[in-house]
Amino acid sequence: MIATQVELWEGVLGTLHGLISLCDTAIIIYFLAINTGHLVLNLLALNEIITGLRRASFAGYEDAVEGPFTPPISVIMPAYNEAAGITEAVRAMLLLHYPVFEVIVVDDGSTDGTLDALTEAFNLAEVDHVVPEDVPMRGKVTSLHLPRGGPVPVVVARKDNGGKADALNVGINLARYPLVCMVDADSLLDSQALLTVAKPFSGDPLRVVATGGVVGVANGCTVEAGRVIEARVPTDVLGRVQVVEYLRGFFLGRTGWSRVGGLLIIAGAFGLFRRDAVVAVGGMDPDCIGEDAELVVRLHRHLREQGRRHRDYRIVFVTEPISWSEAPSTFKVLARQRRRWQRGLTEILLKHRRMIGNPRYGRIGLVALPFYVVFELAAPLVELAGLVLVPLGVLLGAVHTDFLWRFMLAAYAYAMVVSLVSMAVEEYAYHRFSRWRDVWGAFVGVAVENLGYRQCTAWWRLRGMWDAFHRTPQVWGAMTRSGFGPQGARDGEDQL
């Protein structure tokens with residue numbers, strides 16, 4: 001009897017050892033695959049950037065300013081409790097170098113005097129209004145305001161609180177021009193931002209339906225009059241890690257996807273869309289917390305479903321650093337941000353799950369969406385599983401210590417190499433940081449990212465997935481910001 005129990009126990013242990021060893025091997029293969037995927041995207045981005053640099057001297061921005069064929073733009077700025085900085089943000093927007101544009105500020109039921117600040121700054125007067133309903137709106141527009149007796153192209157709409165997506169829908173309905181630019185009220189744009197992001201529309205007007213631009217981390221940068229005049233790497237470790245993360249994933253990653261026609265995300269902080277295309281898909285989805293990315297996926301879906309003659313379209317990512325926003329400066333705020341992002345991704349993939357692996361949607365269905373499922377949605381699960389199963393395998397003798405070293409090389413050392421390549425590509429292309437101390441600060445971010453930061457973000461992202469699957473109430477919360485320059489501290493929503 002005892003011998004039988006011992007044999008049974010040894011059999012259970014053997015099976016357990018085998019399962020752990022198999023899982024550990026699968027985890028190593030997964031990390032090799034995900035890091036290789038990011039490296040390939042970086043190399044594709046490098047090719048795109050080199051092509052762009054060769055064409056830079058022939059960009060013709062001055063001709064675009066003076067030319068009659070540059071399409072006019074309606075800039076939409078949703079604002080909620082932005083009284084501390086909204087007037088500076090609108091003034092900076094009005095100084096953008098572009099021939100014809102208007103600025104539409106949608107006050108989404110602010111309680112801090114946002115409308116009063118705008119009224120005083122631009123001498124606004126309430127006017128009678130009828131708001132078109134080209135796309136659905138939930139919150140009622142209670143008033144519309146224009147500058148008194150002046151040519152300032154500012155429109156301010158006051159509405160009942162309904163969330164950012166609903167505020168954007170109001171702006172889309174009010175927009176007079178064929179292109180709509182969605183920008184956060186606290187974003188800082190370079191003077192040629194609109195010219196840069198609108199260039200693909202002028203060069204390929206029949207196919208381009210949306211463009212997005214690079215959103216840089218403004219923490220630590222020198223800001224004057226609503227412009228970043230000198231780029232700096234943040235002095236705090238958390239900020240440095242995020243600079244590296246954005247370079248790898250948000251700058252080069254999206255450039256790589258744009259290169260192969262698989263771009264799925266345009267940051268809500270700065271994106272330009274054809275208004276008729278946005279209206280055709282019903283505007284922004286107020287029920288999705290990742291409404292900016294969801295709009296892009298819905299555009300892909302709509303255009304692919306319209307038939308073969310509509311499939312020749314382009315959604316483009318512009319590589320120049322043209323927009324800046326403040327990144328989270330505390331772990332508490334960062335946790336909320338990453339939890340929201342992962343929840344948004346999960347909701348988007350669930351909503352458009354019929355596209356995943358579906359050849360009808362071309363490279364979007366067969367390549368881009370499966371990549372996001374395997375390497376973005378599942379990444380936190382694999383990351384945390386590896387932290388548990390690999391050490392457990394070593395303790396139980398299921399794997400040898402040399403296997404542990406291979407895991408560290410595949411999961412972390414390889415990731416550091418990809419991050420270093422990202423930094424090298426960015427510095428080669430734009431040389432954004434003029435001081436060596438900034439470059440070394442970014443190197444510190446590369447080293448520190450794998451020492452606790454990745455593990456924390458994996459846990460936060462896992463919680464975001466839980467929120468999406470269990471449909472917990474959507475709560476954005478406030479992001480405490482240190483502010484830019486003289487504006488001081490203020491609270492707002494982050495949309496990097």
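Because the model is predicted, local features are reported only at pLDDT of at least 70 and side-chain atom pairs only at pLDDT 80 or more, while totals for chains, interfaces and linings use all residues. Residues are numbered from 1 along each chain as its sequence is written, and side-chain values use heavy atoms, with hydrogens and water left out.

**Overall content**

The protein chain contains 14 helices and 14 strands. These are DSSP runs numbered from the N terminus, with helices being H or I of at least four residues and strands being E of at least two. Of the 496 residues, 54% count as buried; buried means under 20% relative accessible area, exposed over 50%, and partly exposed in between, with a 1.4 Å probe and protein chains only. Among contacts (heavy atoms within 4.5 Å) between residues at least 6 apart in sequence, 79% join residues at least 24 apart.

**Two helix pairs**

Two packed helices are described by the angle between their axes and the distance between the axes. Here the axes are lines fitted to C-alpha atoms, for helices over the stretch in contact, and angles run from 0 to 180 degrees between N-to-C directions.

The axes of α13 (residues 401-430) and α14 (residues 436-470) come within 10 Å and cross at roughly 150°. The two helices are therefore roughly antiparallel. Angles under 35 degrees count as roughly parallel, over 145 as roughly antiparallel, 65 to 115 as roughly perpendicular, and the rest as oblique. By class, the contact of α13 with α14 has 11 nonpolar, 3 polar and 3 charged residues. Ala, Val, Leu, Ile, Met, Phe, Trp, Tyr, Cys and Pro count as nonpolar, Asp, Glu, Lys and Arg as charged, and the others, Gly among them, as polar.

The axes of α3 and α4 come within 9 Å and cross at roughly 50°, so this pair is oblique. The α3 and α4 crossing is right-handed. Ile86, Thr87, Val90, Arg91 and Leu94 of α3 meet Thr114, Ala117, Leu118, Ala121 and Phe122 of α4. This contact of α3 with α4 divides into 7 nonpolar, 2 polar and 1 charged.

In helix α5 (residues 164-174), 11 of its 11 residues are buried; Lys164 and Asp166 are among them. Arginine 304 lies in helix α9 (residues 291-305).

The structure holds 0 disulfides, a disulfide being a pair of cysteine sulfur atoms within 2.5 Å.

Relative accessibility for selected residues is as follows.

| Residue | Relative accessibility | State |
|---|---|---|
| Arginine 304 | 14% | buried |
| Cysteine 221 | 13% | buried |
| Cysteine 288 | 5% | buried |
| Asparagine 81 | 22% | partly exposed |
| Asparagine 123 | 40% | partly exposed |

**Positive phi**

Most residues other than glycine have a negative phi. Asparagine 81 has a positive phi of about 55° and sits in the loop between β1 (73-79) and α3 (86-94). Asparagine 123 has a positive phi of about 55°; this residue is found in the loop between α4 (114-122) and β3 (124-127).

Conventions: Left-handed = near helix turned anticlockwise from the far one by under 90°.
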